[in-house]
Amino acid sequence: MTDAAIKDEVRRQLAVMREGAVDFYGENELAARLTVCLKEDRPLRVKLGMDPSSSDLHLGHSVVLMKLRRFLELGHTPIFLVGDFTARIGDPSGRNKTRPALDADQVKEHAKTYVDQVAKLLDVSAVEVRFNGEWMDQMTPGDFVRLCSQATVARMLERDDFSKRYASEVPIFIHEFLYPFVQGYDSVALEADVELGGTDQTFNLLMGRELQRAYGQPPQAVLTHPLLVGLDGHEKMSKSLGNSIGITDKPGEMYGKVMSIPDTAMPEWHRLLAMGDWPELGDRLAQFSDGDGDPMALKHELANNIVARVHDATAATEAGEQFRRVVQRKEVPDHVPEVTLALAGRVGLKLVEVLVEAGLASSKSEARRLVQQGGVSVDREKQSDPTALFPAGSQLIQVGKRRYAKVVVE
RNA sequence: GGAGGGAUACCGAAGCGGUUAAACGGGGCAGACUGUAAAUCUGCUGGCCUUUGGCCUACGGAGGUUCGAAUCCUCCUCCCUCCA
């Protein structure tokens, strides 16, 4: 490659890297390093770390995972770091209370399925998968104290999440201070050239730069990305807030959840999740925000694209048909779970009992409430008497708009 | 080590001797409406029952005072702030 060609290539790659990102720290340093790498035909080492603090990855995680995939496509080395050690500390980032510390067994349990979930979005055989326990479990207390001597308490307290907690008298534990050191040290151990993360990770990511300098390495570049807003359209997507779409969600469920986001969240979802794909949908979404276009059709398309990426095109099409049928036309879905109940010599089972037994209500009181509020129908007929008897036979029960069960009493 | 403040349902937060399964807000569920599981409005939101009523469990934990306690007292646990 000529110098001019290299220069163009560097420019092209940086543009891809920047896509969808909020901040790009150390961009100029990276440009220089990339130039050398291209000359020597050597890939950049690109780190993305996630803590197995819950067993499920969601669409919010997919934003940075897709970015990692872009780096792979550019010919660099993606490193997926499973924070098995850091999960045992609990990342305080963006939290208004202490994250519960997990024990080693829970972490191992979560980590098991992590890589499989990542594999849904990118080719893991080309990814360097590492665990930070590899080096952290080897570290001596002396090493660790040396590590911690790289930043001050005042600096820590400047962090938004900490200063807010401090001001509102919510406890901050010492170990929470330790988290950024470990995450930063991971970059040292991995000799990362670039680290990806959400904007909430900014402090931790920049700590990596500082520690690399302290340990005599050139500092990594840092790319921060916006946090995907959850199903409610306001809070960031998070499993604990219950507004998330899991990577492992079934196609139908995933499709329905996408359909439920507020229209106003569509352009943002497209921007973050498409990551350069589906460009014309983006154009039409832009028009829509100018007041044109059919929002429902656009949302169907968005849902279809998302499901197709995580699952496959066939599953997405099926999920779409199912949604139109069950939710929009209020027809009975194809597959209704079937429950068989024993009559046990009685004349009939009470409706409330049936609802609880079929898992459609968590208690008889709740079942009674549902019936009284007109939320229950049997064989498509609305029920009003919670004590109505259910004779032997097979009947279709519906609770609310879309929960069904076929109950066979025998 | 000392002084003060606090712990209430899924979450936040009132209540400070009886009419409190406990205001209010959020969340959740149901209903109406809708292109959508959005927005908006309405209702419900501890459990069990023979249900215009009854019973059980519940206000950090353990005891106590009282006819009666989330509310008063004692001890304990945990948290926060300030001083050292």
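Mentor: H12 and H14 cross in a left-handed way, meaning the near helix is turned anticlockwise from the far one by less than a right angle, while clockwise would be right-handed. This is a predicted model, where local features need pLDDT of at least 70, side-chain atom pairs count only at pLDDT 80 or more, and totals for chains, interfaces and linings use all residues. Residues are numbered from 1 along each chain as its sequence is written, and chains are lettered from A and ligands numbered from 1 in the order in which they are written.

Trainee: At roughly what angle do the axes of H12 and H14 cross?

Mentor: Roughly 25 degrees, and the axes come within 11 Å. H12 covers residues 266-274 and H14 covers residues 295-310. Helices are DSSP runs (H or I, at least four residues), numbered from the N terminus.

Trainee: Roughly parallel or oblique, then?

Mentor: H12 and H14 are roughly parallel, because angles under 35 degrees count as that; over 145 is roughly antiparallel, 65 to 115 roughly perpendicular, and the rest oblique.

Trainee: Which residues make the contact?

Mentor: Met266, Trp269, His270 and Leu273 of H12, with Leu298, Lys299, Leu302 and Ile306 of H14. By class, that contact has six nonpolar, one polar and one charged residues. Contact means C-beta atoms, placed from the backbone, within 7 Å.

Trainee: New topic. How do H11 and H15 cross?

Mentor: At roughly 60 degrees, with the axes of H11 (residues 251-259) and H15 (residues 313-328) coming within 9 Å. That angle is why H11 is oblique to H15. The crossing of H11 past H15 is right-handed.

Trainee: Which residues of H11 are buried?

Mentor: Pro251, Gly252, Met254, Tyr255, Lys257 and Val258. Buried means 20 or more other C-beta atoms within 10 Å of its own; 12 or fewer is exposed, and in between is partly exposed.

Trainee: What do they pack against?

Mentor: The buried residues of H11 pack against H14 and H15.

Trainee: And Met139, where is that?

Mentor: Met139 is in the loop between helix H5 (133-136) and helix H6 (141-148). Met139 counts as partly exposed because it has 15 C-beta neighbours inside 10 Å.

Trainee: Last one. What domains does chain A have?

Mentor: The assignment gives domain 1 (3-225), domain 2 (251-328) and domain 3 (338-409). Those bounds come from an automatic or database domain assignment. The C-alpha centres of domain 1 and domain 3 are 51 Å apart.

Notes
Helix = DSSP H or I, 4+ residues; strand = E, 2+ residues; numbered from the N terminus. Axes fitted to C-alpha atoms, helices over the stretch in contact; angles between N-to-C directions. Contact = placed C-beta atoms within 7 Å. Nonpolar A, V, L, I, M, F, W, Y, C, P; charged D, E, K, R; others polar.
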